[in-house]
Amino acid sequence: MNPVLIITAVPQEAGLLEQALACNALPLTIGAFTCVQGVCGTLPVTICAAGVGKINAAAATAALLGHLRPRLVINTGCAGAYAGIGLGIGDLAVADKEVLGDEGVMTSAGWLDLQQMKMPCFTKEDQQYFNEIPLSVVASEKAVHLAGRSGINLVRGTFITVSTCSGTIQQGEQLSSRFGGICENMEGGAVALTCLRYGVECLEVRGVSNLVEERNMKAWDIPRAVEAAQQFVLKYLEEMTRPE
Ligand SMILES: O=C(O)c1cccc(C(=O)CC[C@H]2O[C@@H](n3cnc4c(=O)[nH]cnc43)[C@H](O)[C@@H]2O)c1
């Protein structure tokens, strides 16, 4: 049976998931990436903490997809929520699409995106993709229903992937209004685009570690965010093994 592949940025975002595989987990090296492989219930699962940022995320996703042929990729970790979305620290967000928030050109007349530059980042069967990368509708809808049944505050919407994180209210407002984003992160667009290239379903669920506001790391709660996200991913995996 093809595994579910879980990709995080840092090991802290994968610790609980790895514990859940603990009694049958084995290390596995694929290319330059170290993973943990095991079974969750009856479901084969491979977990990889690939490193921070979209370069690590894309490299790991490509290497692992080529080798494992997973049935589903789950990208999880933490995220910064934009103000006024209804997301607080410890809440969850699931992506219906990812936006490559930095890919474009800054001109004296303002910022232009890849479409305005006539520069798709990927073309498949005559369909051109610019800054917006779709994720699995079926998987994100399942996540919404599961959260609803479990009394978990989860918001579905557009995620923005950045290389320069927003450390001011002004930058956060600019990005969220430009793209209609609910939260930002540093890897999701890369994982989603690589999955799209390989034709593999992709789900992205993140816990909110911080609100995007004037930079104040004291207000962050990364442990709470990554615990919430991993507990939810475990529930999701359990749900996948249930007969329809
Ligand atoms: O030092 C800072 O100001 C700073 C700003 C944003 C993120 C960090 C991190 O240490 C976490 C990076 C890590 O977590 C994801 N993440 C969490 N919150 C955000 C955010 O507000 N903007 C972008 N990414 C965020 C991200 O996916 C990374 O994996 C430090």
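Buried here means under 20% relative accessible area and exposed over 50%, with partly exposed in between, using a 1.4 Å probe and protein chains only. The model is predicted, so local features need pLDDT of at least 70 and side-chain atom pairs count only at pLDDT 80 or more, while totals for chains, interfaces and linings use all residues. Residues are numbered from 1 along each chain as its sequence is written, and side-chain values use heavy atoms, with hydrogens and water left out.

**Stop 1: the aromatic pairs**

Select Trp111 and Phe179; both are buried. Rings of Phe, Tyr and Trp (its six-membered ring) pair if their centres lie within 6.5 Å; planes under 30 degrees apart count as stacked, over 60 as edge-to-face and the rest as tilted. The structure holds two such pairs. Trp111 and Phe179 make an edge-to-face pair, at 5.7 Å centre to centre and 90° between the planes. This pair links distant parts of the chain, with Trp111 in strand E8 (residues 110–113) and Phe179 in helix H4 (residues 169–179), 68 residues apart. Helices (H or I, at least four residues) and strands (E, at least two) are DSSP runs, numbered from the N terminus.

Next select Phe122 and Tyr129, which form a stacked pair: 5.9 Å centre to centre, 20° between the planes. Phe122 counts as buried because its relative accessibility is 8%. Tyr129 is buried too, with a relative accessible area of 14%.

**Stop 2: strand E1**

Select residues 4–8, which make up strand E1. Five of the five residues are buried, so the strand is largely enclosed by the rest of the structure. In a regular strand the side chains alternate between the two faces of the sheet. Both faces of E1 are covered: Val4, Ile6 and Thr8 lie on one side, Leu5 and Ile7 on the other, and all are buried.

Centre the view on Leu5: it stands opposite Thr46 in E4 and opposite Val73 in E5.

**Stop 3: strand E14**

Strand E6 (residues 92–100) runs antiparallel to E14 and is joined to it by three bridges. Here Ala93 stands opposite Arg206 in E14.

**Stop 4: helix H2**

Select residues 54–68 for helix H2, which has 15 residues. From first C-alpha to last H2 reaches 20 Å, close to the 21 Å expected at 1.5 Å a residue; the expected span is 1.5 Å times one less than the number of residues. Colour the buried residues of H2: Lys54, Ala57, Ala60, Thr61, Leu64, Leu65 and Leu68. They cover an arc of only 130° around the axis, which puts them on the same side of H2; the arc is that of the directions from the helix axis to the C-beta atoms. On the other side of H2, Ile55 and His67 are exposed. Just after H2, Arg69 takes a positive phi of about 45°.

Note on methods:
Pairing = 2+ DSSP bridges.
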